[in-house]
Amino acid sequence: MASRVLSTTLATPPKLRLSRPTPSTSLSMSFKVSVKNNGKRRIKCKAVGESSQGSFDQTVYKGVYGPWAVDSSDVREVILYRSGLVTVAASFVAAASAAFLPTDSFLSEIIKQNLDLFYTVGAGALGLSLVLIHIYVTEIKRTLQALWLLGVVGSLATYTALAQPAGENLVQYVIDNPTAIWFIGPLFAALTGLVFKEGLCYGKLEAGILTFIIPSVLLGHLTGLMDDGVKLTLLGSWMALFVIFAGRKFTQPIKDDIGDKSVFMFNALSEDEKKALIEKLEQQK
């Protein structure tokens, strides 16, 4: 059976800084779990230099299942995740700004002609972020991705079967026909789930407010119970908070969007390797 490498030190504090002579010579403990043909498990511990793992910084964090460090692939994923969120926010703000511009203005006409482009770019960027998002419970992540996919399919179906025959773009058709919210709604449900996760994990006020504003605007438009003035107020709040939310993502340390990396490494192990790791950790208590 193929062996997997995972760190083995069990710790309760979320972070531990280790002193090193130089970044290239810093060490962390890792172990290898292997299962021989006779069914016996074997665990080997070894020191791994930071340079050999391509670590991004000099900090080793203690996770539930052992120490871990940020490497270049982690940095790349986090930057792409955050860039996706910025793209979603920029696309939404650009499209929604048409509601606040004079209808006969040149800028308003340009925006209205490209509403579907903004929608497509924003939906694609949201999909990228949902692929790269770190959530411990895999089922929740898959649910958000399924909602996104359902919303994309619904958007394509609405455009092809309803908007295009009516001579309208998708966004304008949804504005004129509120019942179309049923088809594109899952896409925004996925977005709501993402901002809810951000608000819950990091205590971000703007994310928490967005969790209520996004469904409120959509449901208000769908049911017709919300007048245009209230919708514009909430839409403007959505735009402002979305910009703040996306911008503040780049003020967070990279490790925040990674979470406890040891949990994801543990989940990637086979069942035999998980059992061997747990036994090893129990012995170290």
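**Close-up views of salt bridges in a predicted model**

**View 1. Arg248, a partly exposed residue.** Arg248 has a relative accessibility of 37% and therefore counts as partly exposed. The structure shown is a predicted model. The side chain of Arg248 forms a salt bridge with that of Glu206, with an N to O distance of 2.9 Å. Arg248 belongs to helix α9 (residues 228–248) and Glu206 to helix α8 (residues 205–223), so this pair ties together parts that are 42 residues apart in sequence. Glu206 has a relative accessibility of 6%, which places this residue under the 20% limit for buried.

**View 2. The salt bridge between Asp256 and Lys255.** The closest N and O atoms of Asp256 and Lys255 are 3.3 Å apart. Asp256 is partly exposed, at 23% relative accessibility. Lys255 is also partly exposed, its relative accessible area being 26%.

View 3. Glu198 and Lys197 are both buried.

**View 4. Salt bridges across the whole structure.** A search of the whole structure finds 10 salt bridges.

Note on methods: Residues numbered from 1 in each chain as written. Predicted model: local features only at pLDDT ≥ 70, side-chain atom pairs only at ≥ 80, totals over all residues. Heavy atoms only, no water. Salt bridge = Lys/Arg side-chain N within 4 Å of Asp/Glu carboxyl O. Buried < 20%, exposed > 50% of the residue type's maximum accessible area, 1.4 Å probe, protein only. Helix = DSSP H or I, 4+ residues; strand = E, 2+ residues; numbered from the N terminus.
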